[in-house]
Amino acid sequence: MAFTTDLGNNVYQIDLVSADSLYRATGYLIKEEKIILIETGASPSNVVIQQALKELDITLEMIDLVAVTHIHLDHSGGAGLLMSQCPNAKLLVHEKGKKHLVDPEKLIAGARVVYGDRFDEMFDPICPIPEDRVEIVKDKEEIDLGNNRSLTFLDTPGHAFHHLAIYDPKSNGLFSGDSAGIFFHRLFRDHKIPFCLPVTAPTQFVPDIMEKTLRQLIDLSPRRIYFTHFGVCECPEEILELAIQWTQFFGKDCVDHYHQHQSAELLSSFILNRIQNELNAKGAPDDFPESSFFAGDVALNVQGIIAYVEKMKAKDSNV
């Protein structure tokens with residue numbers, strides 16, 4: 001079984017969690033004079049990373065940089081464990097995320113609320129990282145990898161206030177984290193239907209800010225998007241425009257629906273019906289493999305939409 005895919009331009013895809021899983025996740029490695037790993041996934045993916053490095057003839061000691069787009073545990077939960085194995089690496093993170101990687105207790109507590117009994121299986125262990133090994137990267141900062149290649153880090157809130165996207169001019173590619181949502185790659189691969197959903201997870205979803213971020217990403221005119229969830233998208237403009245449409249739907253129609261009905265269950269059905277209608281209109285088969293993920297993805301989005309509504313209520317009551 002191969003753990004890596006050569007995407008060209010010295011970019012390698014690592015399937016941290018299989019595409020067949022609801023919690024599917026992709027990491028990426030760029031090999032220049034410096035070697036950088038983008039996204040660690042959760043700690044259970046550590047064994048996959050080690051196998052991938054062996055395929056690429058890279059030792060843990062050769063890793064120079066590890067970058068996480070944000071500190072949600074499906075992206076960064078395994079960072080502490082990996083950093084303990086990579087003695088020469090520095091970890092790059094948004095300035096609002098650093099303290100949570102150095103001391104992850106608050107992050108762990110919040111994730112336990114969301115994931116409940118599944119937490120240990122999905123994320124354990126979560127290890128703190130020594131502060132002197134964590135470097136803050138700011139908006140539009142460039143990180144030099146050598147061989148005339150630099151990566152540009154971009155502040156991309158909306159999904160989370162501590163979110164970075166990473167633009168690679170050499171491949172004209174964007175490592176999007178969750179800023180562009182979830183890409184249903186097998187639906188595109190097998191049926192040529194581009195489809196994505198923004199990730200409105202609790203507790204930092206802000207629709208106006210998310211839309212602004214998506215328009216910022218469109219302005220980059222990337223040739224491809226390297227999604228964390230899941231894989232590479234070669235129709236970036238279409239998928240980003242679609243993400244904007246869904247963000248507007250979540251931020252207006254879904255907010256209005258929840259105001260009216262006050263029901264998470266009804267809101268989930270409302271969103272799932274919209275997804276089904278959209279895909280039917282595009283000619284998608286009812287039984288394509290990724291369709292089984294929708295209920296789980298939507299359940300998380302509903303939590304974020306409700307959290308946003310409640311936050312706006314609290315804000316209005318304090319005015």
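# A tour of the predicted model

One cavity of 30 Å³ or more is counted in this structure. A cavity is, on a 1 Å grid over the protein atoms alone, a set of points where a 1.4 Å probe fits but cannot get out; grid points are joined across faces, edges and corners, and a volume is the space filled by probe spheres set on the points. The model is predicted, so that local features need pLDDT of at least 70 and side-chain atom pairs count only at pLDDT 80 or more, while totals for chains, interfaces and linings use all residues. Residues are numbered from 1 along each chain as its sequence is written, and side-chain values use heavy atoms, with hydrogens and water left out.

**The cavity**

Select Leu73, Ser76, Gly77, Ala79, Gly80, His100, Leu101, Pro104, Leu107, Ile126, Cys127 and Ile129, which line the largest cavity; lining residues have an atom within 4 Å of a point. Its volume is about 50 Å³. Helices α2 (73–76), α3 (79–85) and α4 (98–102) each supply at least two residues of this lining. Helices (H or I, at least four residues) and strands (E, at least two) are DSSP runs, numbered from the N terminus. The lining holds eight nonpolar, four polar and no charged residues. Here Ala, Val, Leu, Ile, Met, Phe, Trp, Tyr, Cys and Pro count as nonpolar, Asp, Glu, Lys and Arg as charged, and the others, Gly among them, as polar.

**The largest pocket**

Next, centre the view on His72, Leu73, Asp74, Val114 and Tyr115, which lie nearest the centre of the largest pocket among its 48 lining residues. A pocket is an open set with protein on both sides within 12 Å along at least five of seven lines. This one holds about 1200 Å³ of space. Colour α5 (105–115): this helix gives the largest share of the lining, seven residues. By class, the pocket lining has 25 nonpolar, 14 polar and nine charged residues.

**The sheet**

Now show the seven strands of the open sheet, in the order β1-β2-β3-β4-β5-β6-β7, with mixed pairing; two strands pair if DSSP finds at least two bridges between them. At the edges, β1 (4–6) and β7 (134–136) each pair on one side only. Within the sheet, β5 (residues 65–67) and β6 (residues 90–93) pair in the parallel sense over three bridges, and Val66 stands opposite Leu91 in β6. Helix α1 (residues 46–55) packs on the sheet and touches β1, β2, β3 (25–31) and β4 (35–38), contact meaning heavy atoms within 4.5 Å.

Move to β8 (residues 141–146) and β9 (residues 149–155), an antiparallel pair with five bridges. Ile143 stands opposite Leu151 in β9. The two strands form a hairpin with two residues between them, and Asn147 in the turn has a positive phi of about 55 degrees. In the loop between α6 and β7 select Pro125; the peptide bond from Asp124 to Pro125 is cis, with omega near 0 degrees. Another cis bond joins Pro202 and Thr203, with omega about 10 degrees.

**The helix pair**

Finish at α9 (residues 236–261) and α10 (residues 264–282), which pack at about 145 degrees with their axes 10 Å apart. Axes are lines fitted to C-alpha atoms, for helices over the stretch in contact, and angles run from 0 to 180 degrees between N-to-C directions. Among the residues that meet are Trp246, Phe249 and Phe250 in α9 and Phe270, Ile271 and Arg274 in α10. The contact residues divide into eleven nonpolar, two polar and three charged.
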